[in-house]
Amino acid sequence: MSLLTYLTIISGISFLFFGLGCFVSKKMKVEFERYGLPTYRKLIGALQLLGGLGLLVGLIYSTTLQFSAALGLSILMFLGFLVRLKIRDGILLSTPSLPYALLNAFICYQLF
(Lines give C-alpha, C1' and ligand atoms only; values in the text may rest on other atoms or scores of the structure.)
Protein backbone atom coordinates (compact mmCIF):
# COMPACT_ATOMS: atom_id res chain seq x y z
CA MET A 1 0.00 0.00 0.00
CA SER A 2 1.20 3.49 -0.81
CA LEU A 3 1.64 6.38 1.61
CA LEU A 4 -1.30 8.14 -0.06
CA THR A 5 -3.52 5.14 0.62
CA TYR A 6 -2.54 5.03 4.30
CA LEU A 7 -3.08 8.76 4.73
CA THR A 8 -6.45 8.58 3.01
CA ILE A 9 -7.57 5.73 5.27
CA ILE A 10 -6.38 7.55 8.41
CA SER A 11 -8.16 10.75 7.40
CA GLY A 12 -11.31 8.97 6.24
CA ILE A 13 -11.72 6.97 9.44
CA SER A 14 -10.90 10.02 11.57
CA PHE A 15 -13.60 12.08 9.91
CA LEU A 16 -16.17 9.31 10.29
CA PHE A 17 -15.54 9.49 14.04
CA PHE A 18 -15.42 13.32 14.12
CA GLY A 19 -18.67 13.56 12.15
CA LEU A 20 -20.42 11.00 14.33
CA GLY A 21 -19.20 12.88 17.41
CA CYS A 22 -20.98 16.01 16.22
CA PHE A 23 -24.27 14.13 16.47
CA VAL A 24 -23.83 12.10 19.66
CA SER A 25 -21.24 13.80 21.86
CA LYS A 26 -22.40 16.19 24.56
CA LYS A 27 -18.86 17.60 24.65
CA MET A 28 -19.11 18.53 20.96
CA LYS A 29 -22.45 20.24 21.58
CA VAL A 30 -20.82 22.38 24.28
CA GLU A 31 -17.82 23.08 22.04
CA PHE A 32 -19.99 24.31 19.17
CA GLU A 33 -21.83 26.60 21.58
CA ARG A 34 -18.45 27.93 22.72
CA TYR A 35 -17.47 28.52 19.08
CA GLY A 36 -20.68 30.49 18.59
CA LEU A 37 -21.83 27.99 15.95
CA PRO A 38 -24.44 25.76 17.64
CA THR A 39 -26.78 25.81 14.65
CA TYR A 40 -24.01 24.50 12.38
CA ARG A 41 -23.01 21.48 14.49
CA LYS A 42 -25.12 18.94 12.60
CA LEU A 43 -24.22 20.40 9.20
CA ILE A 44 -20.52 20.24 10.01
CA GLY A 45 -20.96 16.71 11.34
CA ALA A 46 -22.72 15.68 8.14
CA LEU A 47 -19.98 17.29 6.03
CA GLN A 48 -17.34 15.43 8.04
CA LEU A 49 -19.19 12.13 7.60
CA LEU A 50 -19.61 12.73 3.88
CA GLY A 51 -15.98 13.75 3.55
CA GLY A 52 -14.77 10.67 5.40
CA LEU A 53 -16.97 8.41 3.30
CA GLY A 54 -15.90 10.24 0.15
CA LEU A 55 -12.25 9.61 0.95
CA LEU A 56 -12.76 5.91 1.61
CA VAL A 57 -15.16 5.22 -1.26
CA GLY A 58 -13.08 7.38 -3.58
CA LEU A 59 -10.01 5.35 -2.70
CA ILE A 60 -11.70 2.31 -4.24
CA TYR A 61 -13.89 3.74 -6.99
CA SER A 62 -13.05 7.29 -8.01
CA THR A 63 -10.03 9.52 -7.55
CA THR A 64 -12.29 12.45 -8.46
CA LEU A 65 -14.48 11.67 -5.44
CA GLN A 66 -11.41 11.18 -3.27
CA PHE A 67 -9.95 14.51 -4.45
CA SER A 68 -13.25 16.35 -3.89
CA ALA A 69 -13.64 14.92 -0.39
CA ALA A 70 -10.06 15.80 0.55
CA LEU A 71 -10.48 19.33 -0.80
CA GLY A 72 -13.71 19.85 1.10
CA LEU A 73 -12.24 18.51 4.34
CA SER A 74 -9.13 20.61 3.92
CA ILE A 75 -11.22 23.76 3.58
CA LEU A 76 -13.48 22.75 6.47
CA MET A 77 -10.52 22.14 8.78
CA PHE A 78 -8.76 25.34 7.78
CA LEU A 79 -11.94 27.27 8.58
CA GLY A 80 -12.15 25.39 11.87
CA PHE A 81 -8.61 26.50 12.65
CA LEU A 82 -9.57 30.12 11.94
CA VAL A 83 -12.67 29.87 14.16
CA ARG A 84 -10.53 28.59 17.03
CA LEU A 85 -8.11 31.48 16.58
CA LYS A 86 -11.01 33.95 16.36
CA ILE A 87 -12.40 32.87 19.74
CA ARG A 88 -8.87 33.19 21.12
CA ASP A 89 -8.26 29.54 21.94
CA GLY A 90 -4.57 30.10 21.31
CA ILE A 91 -2.24 28.18 19.05
CA LEU A 92 -2.11 24.94 21.07
CA LEU A 93 -5.89 24.52 21.28
CA SER A 94 -6.32 25.66 17.68
CA THR A 95 -3.68 23.37 16.25
CA PRO A 96 -5.49 19.99 15.98
CA SER A 97 -7.53 21.14 12.98
CA LEU A 98 -4.50 22.48 11.11
CA PRO A 99 -2.71 19.12 10.63
CA TYR A 100 -5.94 17.66 9.25
CA ALA A 101 -6.27 20.61 6.88
CA LEU A 102 -2.68 20.05 5.73
CA LEU A 103 -3.12 16.28 5.52
CA ASN A 104 -6.13 16.62 3.23
CA ALA A 105 -4.41 19.35 1.21
CA PHE A 106 -1.51 16.91 0.72
CA ILE A 107 -3.94 14.22 -0.45
CA CYS A 108 -5.38 16.73 -2.96
CA TYR A 109 -1.92 17.66 -4.15
CA GLN A 110 -0.96 14.02 -4.67
CA LEU A 111 -4.14 13.33 -6.62
CA PHE A 112 -3.92 16.44 -8.80
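I started with burial in helix 4 and found Q66, A69, A70, L73, S74, L76, M77, F81 and R84 buried. The model is a predicted one.

I then looked up what these buried residues pack against. Their partners are helix 1 (3-24), helix 2 (26-35), helix 3 (41-61), helix 5 (90-94) and helix 6 (97-111).

I checked the length of helix 4, which covers residues 63-86. With 24 residues at 1.5 Å a residue, it should span 34 Å, and its end C-alpha atoms are 34 Å apart, so the two values agree. Just after helix 4, I noted a positive phi of about 60 degrees at R88.

Next I looked up the largest nonpolar core, which has 17 residues. Those with the most contacts inside it are F32, L55, A70, L73, L76, M77 and I107. Helix 1, helix 2, helix 3, helix 4 and helix 6 each give two or more residues to this core. Helix 4 gives the most, with 5 residues.

I listed the contacts of F32, leaving out residues up to four places away in sequence: C22, L37, P38, Y40, R41 and I44.

Last, I went through the aromatic pairs, of which the structure holds 5. The ring centres of F15 and Y100 are 5.4 Å apart and the planes stand at 80 degrees; over 60 counts as edge-to-face, so this pair is edge-to-face. F15 is in helix 1 and Y100 in helix 6, so the pair ties together parts 85 residues apart in sequence.

Y100 is partly exposed, at 21% relative accessible area. I also noted that ring pairs link F15, F18 and Y100 into a cluster.

Note on methods: Residues are numbered from 1 along each chain as its sequence is written. This is a predicted model: local features need pLDDT of at least 70, side-chain atom pairs count only at pLDDT 80 or more; totals for chains, interfaces and linings use all residues. Side-chain values use heavy atoms; hydrogens and water are left out. Helices (H or I, at least four residues) and strands (E, at least two) are DSSP runs, numbered from the N terminus. The expected span of a helix is 1.5 Å times one less than its number of residues. Buried means under 20% relative accessible area, exposed over 50%, partly exposed in between (1.4 Å probe, protein chains only). Contact means heavy atoms within 4.5 Å. A nonpolar core is a set of buried Ala, Val, Leu, Ile, Met, Phe, Trp, Tyr and Cys residues joined through side-chain atoms within 4.5 Å. Rings of Phe, Tyr and Trp (its six-membered ring) pair if their centres lie within 6.5 Å; planes under 30 degrees apart count as stacked, over 60 as edge-to-face and the rest as tilted.
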